[in-house]
Amino acid sequence: MLDGYDILAINKIQKARKALSVSNGKFLQDDGIAKFTGLPLAKIKSASKFMRIVGSVDEKVGDCSGAKYLEVLPDTSIKTPEEMVLRQHMMKDIHDMLNGLGSRERQVMILRYRLKDFQPMSLNT
């Protein structure tokens with residue numbers, strides 16, 4: 001878990017890396033950042049584990065390829081064929097179980113869990 005000191009250290013490290021990379025034109029190692037910020041090297045290493053690298057999806061992947069990250073990242077909104085088959089089997093199993101219930105119980109389950117349009121309802125709605 002991060003405490004306030006760690007968050008301040010991460011911010012200080014990120015600012016130092018940005019300033020030094022702009023002025024020197026290269027990325028400094030942890031010992032150079034420690035000298036610049038005055039933070040202990042152990043603190044730099046532990047804080048570096050929590051730092052995020054932010055980039056653009058329009059950046060090119062590698063040096064020799066003209067592909068962008070956006071072109072090689074998988075679309076997580078599209079389900080895989082395995083997920084689709086699994087979902088179909090689960091829905092079939094659910095409907096088979098519902099058929100074992102009485103008509104009123106079946107209707108309550110269908111409405112409560114919105115098994116037709118997949119939007120659950122609470123007891124209040």
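Modeller: Gladly! Keep in mind that this is a predicted model. Let us begin with Arg-114, which sits in the segment after helix 6 (103–113).

Colleague: Is Arg-114 buried, partly exposed or exposed?
Modeller: Buried would need under 20% relative accessible area, and exposed over 50%. Arg-114 has 23% relative accessibility, so Arg-114 counts as partly exposed.

Colleague: And what is the phi of Arg-114?
Modeller: Most residues other than glycine have a negative phi. Arg-114 is a residue other than glycine, yet its phi is positive, near 45°.

Colleague: Thanks! Now to charged side chains: how many salt bridges does the structure hold?
Modeller: Side chains of opposite charge can pair when their charged atoms come close. In this structure, the number of salt bridges is 2.

Colleague: Which parts does the pair of Arg-17 and Asp-30 tie together?
Modeller: These two side chains meet in a salt bridge at 2.7 Å, N to O. Arg-17 and Asp-30 are 13 residues apart in sequence, so the parts tied together are helix 1 (residues 4–24) and helix 2 (residues 30–37).

Colleague: Are Arg-17 and Asp-30 buried or exposed?
Modeller: The cut-off to keep in mind is under 20% relative accessible area for buried. Arg-17 and Asp-30 are both buried.

Colleague: What separates Asp-96 and Lys-92 along helix 5?
Modeller: Their side chains also meet in a salt bridge, at 3.0 Å, N to O. Asp-96 is partly exposed at 42% relative accessibility, and Lys-92 is partly exposed at 49%. Both lie in helix 5 (residues 81–99), 4 residues apart, so the separation is about one helical turn.

Technical notes: Residues are numbered from 1 along each chain as its sequence is written. This is a predicted model: local features need pLDDT of at least 70, side-chain atom pairs count only at pLDDT 80 or more; totals for chains, interfaces and linings use all residues. Side-chain values use heavy atoms; hydrogens and water are left out. Helices (H or I, at least four residues) and strands (E, at least two) are DSSP runs, numbered from the N terminus. Buried means under 20% relative accessible area, exposed over 50%, partly exposed in between (1.4 Å probe, protein chains only). A salt bridge is a side-chain nitrogen of Lys or Arg within 4 Å of a carboxyl oxygen of Asp or Glu.
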